[in-house]
Amino acid sequence: MTALETAVDTLLEHADDGPVAFDGIRLESDGEETYTLSTPTIERDGLEAAVLRDVLTGLDDLEPYVRNWYHWQVRTGGEGTARRAFLRWCEHAPRSTDETQGAEPGDESLTPPERDAALETGIDREWGQLAITARFLDNDDPNGERVYDCWHVDDADTALEELEVLDEPRDARKIATTDEDGRYRPLKTAPTLRSGWAFTGLSGQELVDTVGFIYPATIANWHREQRGNLDVDHWVDTAARQTGIYDVIDELPREALNWLAEACCVDSQCLRRREWEYDAGDDLEPAGGDGPFPCREPCSLVVAAARKWAILESETEKTYELELTTSEWNQLADLIDAVADGRVDDIREADVNDGANRYRARYLRAKRFDDGELDARERSE
Amino acid sequence: MQALVIAAHGSHLNPDASDPTYAHADTVRETGAFDEVRETFWKEEPHFREVIRTLESEEIFVVPLFISEGYFTEQVIPRELRLEGWNPEKWDSDGTSATEVTLEVGDAEKTVHYCGPVGTHDSMTDVIVQRAETVTGDHDVGEGVGLAVVGHGTDRNENSAKAIEYHTERIRERDRFDAVQALFMDEEPEVDDVTEYFETDDIVVVPLFIADGYHTQEDIPEDMGLTDDYRLGWDVPSTVDGHRIWYAGAVGTEPLLADVLLERASDAGATLGDALERIRRDTTHNDAGAPESDSSHARTNGKPVTDS
Ligand code: SF4
C-alpha cells in the first residue's frame, strides 16, 4: 500500500466516526453509505465509499490535503499543545483562532497545496538566533512527513560541511552553555548563542526538544501569549514572594527598577521582551524591547542582581572632591561605557585614543590612585 | 502520560553545577519509563517557575535533587512550582522521612506528585557505598577500611546534618566497613580532624553533595590536608597523618543516583515497568568490579576537572 492509500484509508475510518474538517478539506458521511467531499476547489457529494477512495487517491489536487491531514491529525497529534502550535507556525499553517489572538499581523497562513510546494524546498523561520527549516523528509516519495533543520542564523550561508552536524537534541545543551569565547551563559536568552553547528533531519518532537534546551520554556510562553493568556507576574509580586537572601529585593527603590530594566532587559542583553512591569497599570520607563519571546516575570538572574542593587541602594550618597583633567573625567565615562557595552575585548592594544584602552586605564590608575583607591576626599557639608 | 521533573539548584556562575542533573536525567531518559523527562533549576533555565507548562503529561513526578529536607524542598520549590495547598506538614516528616504528596498546580491543569529529596531516600545509602567502591576501584571495599560521610552541617537548616547521620547509621548497621563516621564542615565532628576518627589505614571520604563545586573541590580537600592548594589537585589516595585517604568527590556524580530518582517516583506511584532493574544493572559495577563512573577523580587522578 502506498503512503497515500494508507492516509486515505485512515481518513475514511475517521470520516465514519464523524465529519472531518481540517485545513480546507471537508469529508462527511451522509449516513446513506455515501459521502460529501469538499476543498476550496472541489465539491462532490453522493460519493460511494469505493468511488470516494478512487477520487481521493486519484485526484492530484486532493493529495496535498490528504497528506496534510494525515501528517497533522495522525502523525503529529497533540491538539491544543504548544508543540503542535509551534510546528504549525514553522510552516505557516493556519492555527485555531484561539491560538492566534496574539499573533503578529501579516503572519499569513498557507494552504496545504502552497505548503506542499514550499516544503519541497523548505520553509524558513527564525526563533531568536535560531534558523529553522521545515521540509519534507523525502521529496521523491513524499508522504507528507516533515523533518526540521535548525542552526544559527549567522550560519545561514555557511556550507553544511563546515558546520558540526548534530542530530541528538541533548547536544543542544552544550551549545547553549558557553558563548563564542567559551564564557558561561547563565541567561539562555542572551543574544550570545554561538554558531558553527547544525541539527539536521529532526522530527517535530526532536525540534521542540532542541529549542527547549536552547531557549527553555519559550515555546510554552509564546503559545500562551498567542492564545492571549500569558500569565504575567509583575515586579511587586515576584519581589514580595522572595525569601531567604532574596527577601531584600522588595526594598529596591521604584526608580532603581527603571535602571535595572535598562541594564538587563533590553534587546542587546536579552531576546525576551519584557512584559512584566512594576505593577499592573504601573509601567516602568524603559520599553520592554522587541524580543521574539515574552518574558512573563523577572528571571533569576535579574532577581540575583536586584539583591545586589537593593543592598547598594541602601547606602547614602556623598560628595567627593578629586582632581581630574577634563580628558580624565571623560575617560571615566569611556571606561564605564566600554564595560557596559561589552566592548573591552575589542579595544586594540595600541589604540591609545580610546579612553578604555588598557594602557590608558593603567596610566590613569598609576597617576590617580593612592593605595589602590581613587585619590579623593569626602566633602563634609 | 507521565513526566519526571528533576529539580536542582544550578548556578549562575559555574556551568558544571548542572552536569549531574543532566547526566542522571539522561540515564532516566534512556529507560523510556517516562514520556517526558525535564531538568529544572533555581538558578538556571527552565526555572522552577516555568517548568510545569513545558510538559504535556498530566501526571508529573517532581523529585528534588537536593541532599536534605529544608529551605529548598519545603519553601522554594513548592512556592515556585505554585503547588496549591502545600504545607511542609503534608510530608509528615521527621526531617528525613518525606515521601510524597499529591497536589495541583496554580498555572496548569496538572497533577504533581511532589517527592522527598533524593538525599534522604533509603537507596541513597547504596549510592554512598557504591561511591566508595568507585573511588577505591574495589567492588568489595569494606574490611579494614573506614568510611567518612561528610556533610555541610547546620548551614541554613537543621535537617542537613540529619540526612548525613541517617545514612551513616544505616551503613554502620551493615557491618561492612570497620568504622563509619559522619563528619561536617562547620560543626563538630569536623572533617578537618578526619584521621582522628579512624584507626584503619584506609579511609574513604564521601561528601554528601549533589554537584562538585567549591565545597567538594576546594574546601574539603584543603581542610583534610589532601593538598595545600586545591588548584594543584591531590592524589587518590593521598597520605595524611599515616592514613591513606580515598577522597570520592560529590556523591551526586555517582551514576547510581539515577536509581534514587526512579525510586522516589516509584514510591509516589509512577509506572516504571522494568526501568528500575535496568537502571540498577546499567549503573552498578559489573562483576569485574570496574567502576563505570565518570568520576572526575577517576579520570584526572584527583585533579579537579573544573581546574583546566
Ligand atoms: S527578566 Fe529581563 S533579562 Fe531576565 S529574561 Fe526577562 S527580559 Fe530577559
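User: What is the relative accessible area of A:E63, and how is that residue classed?
Analyst: This is a predicted model, in which local features need pLDDT of at least 70 and side-chain atom pairs count only at pLDDT 80 or more, while totals for chains, interfaces and linings use all residues. Residues are numbered from 1 along each chain as its sequence is written, chains are lettered from A and ligands numbered from 1 in the order in which they are written, and side-chain values use heavy atoms, with hydrogens and water left out. Buried means under 20% relative accessible area, exposed over 50% and partly exposed in between, with a 1.4 Å probe and protein chains only. A:E63 is classed as partly exposed, because its relative accessible area is 22%.

User: Which residue meets A:E63 in a salt bridge?
Analyst: A salt bridge is a side-chain nitrogen of Lys or Arg within 4 Å of a carboxyl oxygen of Asp or Glu, and the N to O distance for this pair is 2.9 Å. Both residues lie in helix α3 (residues 63–76) of chain A, 4 residues apart, about one turn of the helix; helices (H or I, at least four residues) and strands (E, at least two) are DSSP runs, numbered from the N terminus. The partner is buried, with a relative accessible area of 7%, and the residue in question is A:R67.

User: Which residue of chain B forms a salt bridge with A:R241?
Analyst: The closest N and O atoms of the two residues are 2.8 Å apart. The pair crosses between chains, from helix α9 (residues 235–241) of chain A to helix α3 (residues 71–81) of chain B. A:R241 is buried, and so is its partner, which is B:E80.

User: How many residues apart in sequence are the parts tied together by A:K367 and A:E328?
Analyst: The side chains of A:K367 and A:E328 meet in a salt bridge with an N to O distance of 2.7 Å. A:K367 counts as partly exposed at 42% relative accessibility, whereas A:E328 counts as buried at 7%. A:K367 lies in helix α13 (residues 358–368) and A:E328 in helix α12 (residues 326–340), so the parts that this pair ties together are separated in sequence by 39 residues.

User: Which residue in the turn between β5(A) and β6(A) has a positive phi?
Analyst: Two strands pair if DSSP finds at least two bridges between them, and β5(A) pairs with strand β6 (residues 130–136) of chain A in the antiparallel sense over 5 bridges. Within this pairing, A:E126 stands opposite A:A131. The two strands form a hairpin with 2 residues between them, and the turn residue with a phi of about 65° is A:G128.

User: How many charged residues does the shell around the ligand contain?
Analyst: Residues count as near the ligand if one of their heavy atoms lies within 4 Å of it, and those surrounding it include A:C264, A:R272, A:W276 and A:P298. Ala, Val, Leu, Ile, Met, Phe, Trp, Tyr, Cys and Pro count as nonpolar, Asp, Glu, Lys and Arg as charged, and the others, Gly among them, as polar. The shell divides into 8 nonpolar residues and no polar ones, and its number of charged residues is 1.
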